Amino acid sequence: MTTNNKTQVIAEADKQELLIVRDFDAPRELVFKAFSTPEIMVQFHAPVGINMKFNYADYKNGGSYSWSHSDNDGNIFCTFKGVIHEIISPERIIQTSELEGLPEGGHVVLEAFTFETLPAAKTKLTMQAVCRSVADRDAMVAEGFESGLVIIFEQLDELIKSGLKQAR
Amino acid sequence: MEMRRDVFQAIADPTRRAILGLVALQAMTPGAIAEKFDSSRQTISKHIQILNECELLNQTQSGRAIYYHFNPKKMKEVADWLAPFTEMWEDRFNRLDKVLTKLKSK
(Lines give C-alpha, C1' and ligand atoms only; values in the text may rest on other atoms or scores of the structure.)
Protein backbone atom coordinates (compact mmCIF):
# COMPACT_ATOMS: atom_id res chain seq x y z
CA MET A 1 0.00 0.00 0.00
CA THR A 2 1.32 3.43 -0.83
CA THR A 3 0.19 6.58 0.89
CA ASN A 4 0.20 10.21 -0.14
CA ASN A 5 2.23 11.20 2.88
CA LYS A 6 5.17 13.27 1.76
CA THR A 7 8.50 13.61 3.53
CA GLN A 8 9.57 17.16 4.25
CA VAL A 9 13.20 17.98 4.90
CA ILE A 10 14.02 21.43 6.20
CA ALA A 11 17.70 22.36 6.17
CA GLU A 12 18.19 26.10 6.16
CA ALA A 13 21.51 27.47 4.97
CA ASP A 14 24.16 28.10 7.64
CA LYS A 15 22.30 26.26 10.38
CA GLN A 16 23.48 23.33 12.46
CA GLU A 17 20.14 21.59 12.44
CA LEU A 18 17.79 19.91 10.06
CA LEU A 19 14.22 18.73 10.40
CA ILE A 20 12.56 15.73 8.83
CA VAL A 21 8.76 15.68 9.02
CA ARG A 22 6.44 12.89 7.89
CA ASP A 23 2.86 11.74 8.62
CA PHE A 24 1.97 8.07 8.99
CA ASP A 25 -1.40 6.33 8.69
CA ALA A 26 -0.91 4.55 11.99
CA PRO A 27 -1.41 5.31 15.68
CA ARG A 28 1.57 6.89 17.37
CA GLU A 29 2.12 3.93 19.70
CA LEU A 30 2.94 1.92 16.60
CA VAL A 31 5.15 4.54 14.95
CA PHE A 32 6.98 5.04 18.25
CA LYS A 33 7.46 1.29 18.50
CA ALA A 34 8.92 1.18 14.99
CA PHE A 35 11.71 3.60 15.97
CA SER A 36 12.51 1.95 19.28
CA THR A 37 12.34 -1.76 18.41
CA PRO A 38 15.41 -3.20 16.62
CA GLU A 39 13.40 -6.12 15.14
CA ILE A 40 11.14 -3.58 13.39
CA MET A 41 13.84 -1.09 12.49
CA VAL A 42 15.81 -3.66 10.49
CA GLN A 43 12.74 -4.10 8.29
CA PHE A 44 12.68 -0.57 6.93
CA HIS A 45 15.81 1.40 7.78
CA ALA A 46 18.31 0.11 5.21
CA PRO A 47 17.92 0.69 1.47
CA VAL A 48 16.84 -2.24 -0.72
CA GLY A 49 19.67 -4.74 -1.10
CA ILE A 50 21.36 -3.57 2.11
CA ASN A 51 21.04 -5.42 5.40
CA MET A 52 20.80 -3.76 8.77
CA LYS A 53 22.08 -5.52 11.85
CA PHE A 54 22.13 -4.33 15.45
CA ASN A 55 25.44 -4.87 17.23
CA TYR A 56 23.74 -4.01 20.51
CA ALA A 57 20.53 -2.24 21.48
CA ASP A 58 18.95 -1.19 24.73
CA TYR A 59 16.17 1.32 24.12
CA LYS A 60 15.63 2.73 27.61
CA ASN A 61 16.64 5.90 29.47
CA GLY A 62 20.44 5.83 29.56
CA GLY A 63 20.57 2.89 27.18
CA SER A 64 22.64 2.61 24.01
CA TYR A 65 22.62 1.17 20.52
CA SER A 66 24.88 0.35 17.60
CA TRP A 67 23.91 -0.83 14.15
CA SER A 68 25.59 -1.53 10.83
CA HIS A 69 24.52 -1.55 7.23
CA SER A 70 26.14 -4.26 5.10
CA ASP A 71 25.74 -5.98 1.73
CA ASN A 72 24.86 -9.67 1.23
CA ASP A 73 28.55 -10.64 1.39
CA GLY A 74 28.84 -9.05 4.81
CA ASN A 75 30.85 -6.00 3.72
CA ILE A 76 29.98 -3.27 6.20
CA PHE A 77 29.17 0.14 4.69
CA CYS A 78 28.61 2.06 7.88
CA THR A 79 28.21 1.65 11.61
CA PHE A 80 26.36 4.16 13.77
CA LYS A 81 26.29 4.24 17.55
CA GLY A 82 24.65 6.37 20.18
CA VAL A 83 23.12 6.63 23.62
CA ILE A 84 19.48 7.03 24.51
CA HIS A 85 19.18 10.25 26.48
CA GLU A 86 15.44 10.04 27.05
CA ILE A 87 12.70 7.75 25.85
CA ILE A 88 9.08 8.50 26.71
CA SER A 89 6.60 6.09 25.15
CA PRO A 90 4.88 7.02 22.88
CA GLU A 91 5.85 10.73 22.79
CA ARG A 92 9.52 11.11 22.08
CA ILE A 93 12.99 9.67 21.81
CA ILE A 94 16.10 11.78 22.33
CA GLN A 95 19.35 10.09 21.38
CA THR A 96 22.84 10.73 20.07
CA SER A 97 24.15 9.32 16.80
CA GLU A 98 27.68 9.10 15.47
CA LEU A 99 29.11 7.53 12.36
CA GLU A 100 32.01 5.28 13.38
CA GLY A 101 35.31 4.99 11.56
CA LEU A 102 35.75 8.65 10.60
CA PRO A 103 39.36 9.86 10.64
CA GLU A 104 38.38 12.30 13.36
CA GLY A 105 35.95 11.45 16.14
CA GLY A 106 33.43 13.70 17.86
CA HIS A 107 31.10 14.39 14.95
CA VAL A 108 28.12 13.41 17.04
CA VAL A 109 24.54 14.39 16.26
CA LEU A 110 21.71 14.97 18.71
CA GLU A 111 18.47 13.46 17.40
CA ALA A 112 15.02 14.17 18.81
CA PHE A 113 12.08 12.16 17.48
CA THR A 114 8.67 13.59 18.39
CA PHE A 115 5.49 11.63 17.76
CA GLU A 116 2.21 13.60 17.64
CA THR A 117 -1.27 12.19 17.32
CA LEU A 118 -3.26 13.53 14.37
CA PRO A 119 -6.98 13.04 13.67
CA ALA A 120 -8.07 9.72 12.13
CA ALA A 121 -5.44 7.72 14.03
CA LYS A 122 -2.59 9.29 12.11
CA THR A 123 0.80 10.30 13.50
CA LYS A 124 3.17 13.14 12.73
CA LEU A 125 6.83 12.32 13.17
CA THR A 126 9.26 15.21 13.52
CA MET A 127 12.90 14.35 13.65
CA GLN A 128 15.22 17.15 14.62
CA ALA A 129 18.92 16.56 14.11
CA VAL A 130 21.34 19.01 15.69
CA CYS A 131 24.97 18.86 14.60
CA ARG A 132 28.05 20.35 16.26
CA SER A 133 28.80 22.54 13.25
CA VAL A 134 27.25 23.76 10.01
CA ALA A 135 29.89 21.71 8.16
CA ASP A 136 28.75 18.56 10.00
CA ARG A 137 25.14 19.28 9.07
CA ASP A 138 26.07 19.79 5.42
CA ALA A 139 28.14 16.59 5.45
CA MET A 140 25.14 14.71 6.80
CA VAL A 141 23.01 15.94 3.91
CA ALA A 142 25.85 15.18 1.51
CA GLU A 143 25.91 11.53 2.63
CA GLY A 144 22.44 11.25 1.25
CA PHE A 145 23.62 13.32 -1.65
CA GLU A 146 26.41 10.94 -2.52
CA SER A 147 24.40 7.76 -2.07
CA GLY A 148 21.64 9.47 -4.04
CA LEU A 149 23.82 10.28 -7.02
CA VAL A 150 21.74 7.93 -9.16
CA ILE A 151 18.62 9.92 -8.38
CA ILE A 152 20.40 13.17 -9.21
CA PHE A 153 21.48 11.74 -12.51
CA GLU A 154 17.93 10.72 -13.33
CA GLN A 155 16.75 14.25 -12.53
CA LEU A 156 19.51 15.67 -14.64
CA ASP A 157 18.57 13.38 -17.50
CA GLU A 158 15.18 15.05 -17.47
CA LEU A 159 16.81 18.47 -17.26
CA ILE A 160 19.12 17.67 -20.12
CA LYS A 161 16.24 16.39 -22.22
CA SER A 162 14.12 19.47 -21.58
CA GLY A 163 17.17 21.70 -22.02
CA LEU A 164 17.90 20.13 -25.37
CA LYS A 165 14.33 20.58 -26.46
CA GLN A 166 14.43 24.25 -25.55
CA ALA A 167 17.70 24.71 -27.37
CA ARG A 168 16.25 23.38 -30.60
CA MET B 1 36.92 26.48 -31.96
CA GLU B 2 36.74 26.33 -28.23
CA MET B 3 34.54 23.56 -26.97
CA ARG B 4 31.90 24.47 -24.51
CA ARG B 5 32.40 22.47 -21.38
CA ASP B 6 29.52 22.73 -19.00
CA VAL B 7 28.28 20.46 -16.26
CA PHE B 8 25.49 19.06 -18.39
CA GLN B 9 27.86 18.06 -21.12
CA ALA B 10 30.20 16.52 -18.56
CA ILE B 11 27.63 14.26 -16.98
CA ALA B 12 25.89 13.31 -20.21
CA ASP B 13 28.62 10.71 -20.74
CA PRO B 14 28.15 7.34 -18.98
CA THR B 15 31.88 6.83 -18.34
CA ARG B 16 32.14 10.22 -16.68
CA ARG B 17 29.12 9.40 -14.54
CA ALA B 18 30.78 6.17 -13.50
CA ILE B 19 33.92 8.12 -12.56
CA LEU B 20 31.84 10.52 -10.47
CA GLY B 21 30.19 7.54 -8.78
CA LEU B 22 33.62 6.19 -7.85
CA VAL B 23 35.09 9.42 -6.51
CA ALA B 24 31.90 10.22 -4.63
CA LEU B 25 32.72 7.33 -2.33
CA GLN B 26 36.43 8.10 -1.85
CA ALA B 27 39.23 10.27 -3.15
CA MET B 28 41.17 8.42 -5.84
CA THR B 29 44.29 8.89 -7.96
CA PRO B 30 43.87 8.98 -11.76
CA GLY B 31 45.67 5.62 -11.93
CA ALA B 32 43.29 3.98 -9.46
CA ILE B 33 40.31 5.36 -11.39
CA ALA B 34 41.68 4.10 -14.74
CA GLU B 35 42.13 0.59 -13.30
CA LYS B 36 38.36 0.36 -12.85
CA PHE B 37 37.75 0.76 -16.58
CA ASP B 38 38.56 -1.21 -19.70
CA SER B 39 39.29 1.97 -21.64
CA SER B 40 42.84 3.19 -22.04
CA ARG B 41 44.42 5.29 -19.35
CA GLN B 42 44.61 8.14 -21.82
CA THR B 43 40.84 8.04 -22.46
CA ILE B 44 40.07 8.02 -18.74
CA SER B 45 42.54 10.82 -18.20
CA LYS B 46 40.66 12.90 -20.78
CA HIS B 47 37.35 12.23 -19.00
CA ILE B 48 38.89 13.27 -15.67
CA GLN B 49 40.18 16.43 -17.29
CA ILE B 50 36.70 17.36 -18.51
CA LEU B 51 35.14 16.68 -15.09
CA ASN B 52 37.89 18.72 -13.50
CA GLU B 53 37.37 21.65 -15.87
CA CYS B 54 33.69 21.65 -14.93
CA GLU B 55 34.68 21.78 -11.25
CA LEU B 56 32.88 18.53 -10.58
CA LEU B 57 36.05 17.27 -8.92
CA ASN B 58 38.08 18.51 -6.00
CA GLN B 59 41.79 18.01 -6.31
CA THR B 60 44.16 17.31 -3.44
CA GLN B 61 47.89 16.73 -3.59
CA SER B 62 49.48 14.12 -1.36
CA GLY B 63 53.21 13.93 -2.00
CA ARG B 64 53.53 13.36 -5.71
CA ALA B 65 50.06 11.85 -6.07
CA ILE B 66 46.98 13.80 -7.04
CA TYR B 67 43.69 12.65 -5.56
CA TYR B 68 40.31 13.47 -7.06
CA HIS B 69 37.13 13.67 -5.02
CA PHE B 70 33.58 14.45 -6.02
CA ASN B 71 32.60 18.09 -5.52
CA PRO B 72 28.94 18.13 -4.48
CA LYS B 73 28.89 21.96 -4.42
CA LYS B 74 28.95 22.12 -8.19
CA MET B 75 26.08 19.68 -8.41
CA LYS B 76 24.10 21.90 -6.07
CA GLU B 77 24.07 24.49 -8.81
CA VAL B 78 22.23 22.20 -11.19
CA ALA B 79 20.08 20.12 -8.87
CA ASP B 80 18.27 20.56 -5.62
CA TRP B 81 20.91 19.35 -3.20
CA LEU B 82 18.35 18.29 -0.59
CA ALA B 83 16.48 16.08 -3.07
CA PRO B 84 18.56 12.90 -2.72
CA PHE B 85 18.63 13.18 1.07
CA THR B 86 14.86 13.67 1.08
CA GLU B 87 14.51 10.76 -1.34
CA MET B 88 16.56 8.55 0.98
CA TRP B 89 14.20 9.26 3.87
CA GLU B 90 11.10 9.05 1.68
CA ASP B 91 12.27 5.62 0.59
CA ARG B 92 12.81 4.57 4.21
CA PHE B 93 9.41 5.88 5.30
CA ASN B 94 7.64 4.18 2.39
CA ARG B 95 9.05 0.87 3.62
CA LEU B 96 7.94 1.78 7.13
CA ASP B 97 4.40 2.40 5.82
CA LYS B 98 4.28 -1.21 4.69
CA VAL B 99 5.67 -2.49 8.01
CA LEU B 100 3.09 -0.40 9.91
CA THR B 101 0.26 -1.79 7.78
CA LYS B 102 1.43 -5.31 8.63
CA LEU B 103 1.70 -4.47 12.34
CA LYS B 104 -1.79 -2.91 12.37
CA SER B 105 -3.40 -6.03 10.96
CA LYS B 106 -1.88 -8.18 13.71
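This is a predicted model: local features need pLDDT of at least 70, side-chain atom pairs count only at pLDDT 80 or more; totals for chains, interfaces and linings use all residues.
View 1. Residues are numbered from 1 along each chain as its sequence is written, while chains are lettered from A and ligands numbered from 1 in the order in which they are written. Ala120(A) has a positive phi of about 60° although it is not a glycine, and it lies in the loop between β7 and β8 (122-130) of chain A. Ala121(A), which is also placed in the loop between β7 and β8 of chain A, has a positive phi near 55° and is partly exposed, with 13 other C-beta atoms within 10 Å. Most residues other than glycine have a negative phi.

**View 2. Eight strands of chain A form an open, antiparallel sheet.** The strand order is β1-β2-β8-β7-β6-β5-β4-β3, where strands are DSSP runs of E with at least two residues, helices are runs of H or I with at least four, both are numbered from the N terminus, and two strands pair if DSSP finds at least two bridges between them. β1 (8-10) and β3 of chain A stand at the edges with a single partner strand each, so one side of each has no neighbour in the sheet. From one strand to the next, the twist averages 20°.

View 3. Strand β3 (residues 51-57) and strand β4 (residues 64-70) of chain A pair in the antiparallel sense over six bridges, with Ser66(A) as the bridge partner of Tyr56(A).

**View 4. The peptide bond from Ser89(A) to Pro90(A) is cis, with omega near -5°.** Pro90(A) is found in the loop between β5 and β6 (92-99) of chain A. These two strands pair in the antiparallel sense over six bridges, and Ile88(A) has Arg92(A) as its bridge partner in β6(A).

**View 5. The largest nonpolar core has 16 residues, and those with the most contacts inside it are Val31(A), Ala34(A), Phe35(A) and Leu100(B).** Such a core is a set of buried Ala, Val, Leu, Ile, Met, Phe, Trp, Tyr and Cys residues joined through C-beta atoms within 7 Å. Two or more residues are given to this core by each of α1 (28-34) and β7 of chain A and α6 (83-104) of chain B, and the largest share, four residues, comes from α1(A). Leu100(B) touches Phe24(A), Ala26(A), Leu30(A), Val31(A) and Ala34(A), not counting residues up to four places away in sequence, a contact being a pair of C-beta atoms, placed from the backbone, within 7 Å.

Definitions and conventions: A residue is buried if 20 or more other C-beta atoms lie within 10 Å of its own, exposed if 12 or fewer, and partly exposed in between; C-beta atoms are placed from the backbone. Two residues are in contact if their C-beta atoms, placed from the backbone, lie within 7 Å. Axes are lines fitted to C-alpha atoms, for helices over the stretch in contact, and angles run from 0 to 180 degrees between N-to-C directions.
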